[in-house]
Amino acid sequence: MEGTNNVVLLDFWASSFGMRLRIALALKGIQYEGREENLFDKSPLLLEMNSVHKKIPVLIHNGKPICESLIILEYIDQVWHDKYPLLPSHPYDRSQARFWADYIDKKIYSTGRRVWSGKGEDQEEAKKELIEIFKTLEGELGDKTYFGGDENLGFMDVALVPFTSWFYSYETCANFSIEAECPKLVAWAKRCMQIESVSNSLPHPHKIYAYVLELKNKFGLA
């Protein structure tokens, strides 16, 4: 196994994509150095380590950068595979976990941004789209405790649960209740938050909302 003592995470506290990696590293008991980035004044290290996209998160393992959160998540799972495996062992089950993680990436961030930053008809449309996305995910969850099964968090759980820290902001900005629309999804989120590696890795929803208000003011969206 490669050494675990040279792990650096370039991150930003409010990033759902960074939260994924904090959770995975915590679940696997990996010690690392977290470096907080200023997204409006990016460090030379970030620009060097992710010269293509210039975005967080970036995992630097023994001096080598890995970019894009789902790719990093899979890398973490493969390198430190002996503790708390996230991806299933069966190829079909793996493909499904990757499919749903990709669905989450393609749908929630962009739609959620329209919910908290939008106004009028576009916000209403985005709100409906977000509810449909969450209902689709509820259908995939079914009666399982977690998306990964009844015992442990899986790849999809770790990919999705960070967005729950933004639920309060979505609801407050667009005046609706996710729990009223998707009770099973919110119940799942509460179960996840009972796991220390999750609760310690996610900021308080009110802190996220304060950040959202800052962004709205900064970009004239208030």
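Reader: Thanks! Which helix do F167 and Y170 lie in, and how many residues apart are they?
Author: Both sit in helix α7, which covers residues 167-174, and they are three residues apart, about one turn of the helix. Helices here are DSSP runs of H or I with at least four residues, strands are runs of E with at least two, and both are numbered from the N terminus. Before we go on: this is a predicted model, where local features need pLDDT of at least 70, side-chain atom pairs count only at pLDDT 80 or more, and totals for chains, interfaces and linings use all residues. Residues are numbered from 1 along each chain as its sequence is written, and side-chain values use heavy atoms, with hydrogens and water left out.

Reader: Good to know. Why does a spacing of three matter in a helix?
Author: An α-helix has 3.6 residues a turn, so residues three or four places apart point the same way.

Reader: Are F167 and Y170 buried or exposed?
Author: Both F167 and Y170 are buried. Buried means under 20% relative accessible area, exposed means over 50%, and partly exposed is in between, using a 1.4 Å probe and protein chains only.

Reader: Okay, switching to rings. How many aromatic pairs are there?
Author: The count comes to 14 aromatic pairs. Rings of Phe, Tyr and Trp (its six-membered ring) pair if their centres lie within 6.5 Å; planes under 30 degrees apart count as stacked, over 60 as edge-to-face and the rest as tilted. One of the pairs is F17 with Y109, whose ring centres are 5.5 Å apart with planes at 55°, so that pair is tilted.

Reader: Where do F17 and Y109 lie?
Author: F17 is in helix α1 (residues 16-27) and Y109 in helix α4 (residues 91-117), so the pair ties together parts that are 92 residues apart in sequence. F17 counts as buried at 19% relative accessibility, while Y109 is partly exposed at 41%.

Reader: And what about the rings of F167 and Y170?
Author: Their centres are 6.4 Å apart and their planes are at 40°, so this pair is tilted. Elsewhere, ring pairs link F12, W13, W116, W166 and Y211 into a cluster.

Reader: Which charged end sits over the ring of W13?
Author: That is K207, with its charged end 4.4 Å from the ring centre. To count, NZ of Lys or CZ of Arg must be within 6 Å of the ring centre and within 35 degrees of the ring normal. K218 also lies over a ring, the face of F40, at 4.4 Å from the centre.

Reader: Let's go back to α4. What does S117 touch?
Author: Not counting residues up to four places away in sequence, S117 touches K216 and L221. S117 lies in α4 and is buried, at 17% relative accessibility. A polar atom of its side chain lies 2.5 Å from the backbone oxygen of R113.

Reader: Last one: which peptide bond is cis?
Author: The one from I56 to P57, with omega near -5°. P57 is in the loop between α2 (44-49) and β3 (58-61). K54 is in the loop between α2 and β3 as well, and its phi is near 60°, a positive value in a residue other than glycine.

Definitions and conventions
A polar contact is a pair of N or O atoms within 3.5 Å; within protein, one must be able to donate a hydrogen and the other to accept it, and residues adjacent in sequence count only if both atoms are side-chain atoms. Contact means heavy atoms within 4.5 Å.
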